[in-house]
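Me: I'd like to learn how to read a few features of a protein model. Could you walk me through this one?

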Amino acid sequence: MNLTPAQTAVIAATEPYLLVSAGPGAAKTTVLLARVARLIADGVPAERIVAISFTISAAHELAERFSQSNKGAAPLFSTLHSFLLRLLTRYGQVIGLGQSLSVVDQEEQEALLDDVMTETAYRGNMKAVKFEVAKGPIVRLNPMTTAEIAAEAFWQRLKADGILTYDSILHHGERLLKAMSAKG
């Protein structure tokens, strides 16, 4: 395959973190695998390489194609949520999460939100609470609106019960990565 200058630059890049974004059929998988092979050839241990894709099927495709042409240790090919969940279950206590975490689906999240709205006697618009919940587990200043109170109660409930939602994996994962990089 003839590579474009941009594809060759991705393979040769020395930055430790790199985002590769292109449309369908642009050879992202081929380029990413070539970059991984180059890193391994340069002496980077495979187990220290993480390649994150947008979909589970893309992560599986990367792992399958890597294993077809390489023997021995393999990098981690993962989605962002799966990678962050792995970190949170292993190191979540760094940011105050418990040792035991469970992930709920959208339906279970909605049920938890309904419970919290009942417990906080929230009578407002569900959309307003969801908007506040989407901001993540942030510090909210007093005085808080009733929607902010319900959202804060929701995040406190998740933390107390060791529950992660699809969105909270991203919020907590970002906090964990920042905390870990600050520690050096």
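**Reading helices**

Reply: Let's start with Ala 182, which has its place in helix α8; helices (H or I, at least four residues) and strands (E, at least two) are DSSP runs, numbered from the N terminus. This is a predicted model, where local features need pLDDT of at least 70, side-chain atom pairs count only at pLDDT 80 or more, and totals for chains, interfaces and linings use all residues. Residues are numbered from 1 along each chain as its sequence is written, and side-chain values use heavy atoms, leaving out hydrogens and water.

Me: Is Ala 182 buried or exposed?

Reply: Buried means under 20% relative accessible area, exposed over 50%, partly exposed in between (1.4 Å probe, protein chains only). At 68%, Ala 182 is exposed.

Me: Which residues of α4 are buried?

Reply: In α4, the buried ones are His 81, Phe 83, Leu 84, Leu 87 and Leu 88. They cover an arc of only 160° around the axis (taken from the directions from the axis to the C-beta atoms), which puts them on the same side of α4. Their cover includes β1 (50–53), β2 (76–79), β4 (163–164) and α8 (166–183), with contact meaning heavy atoms within 4.5 Å.

Me: At what angle do α2 and α3 pack?

Reply: Axes are lines fitted to C-alpha atoms, for helices over the stretch in contact, and angles run from 0 to 180 degrees between N-to-C directions. Helix α2 (residues 28–41) and helix α3 (residues 56–69) pack at about 50°, their axes 11 Å apart.
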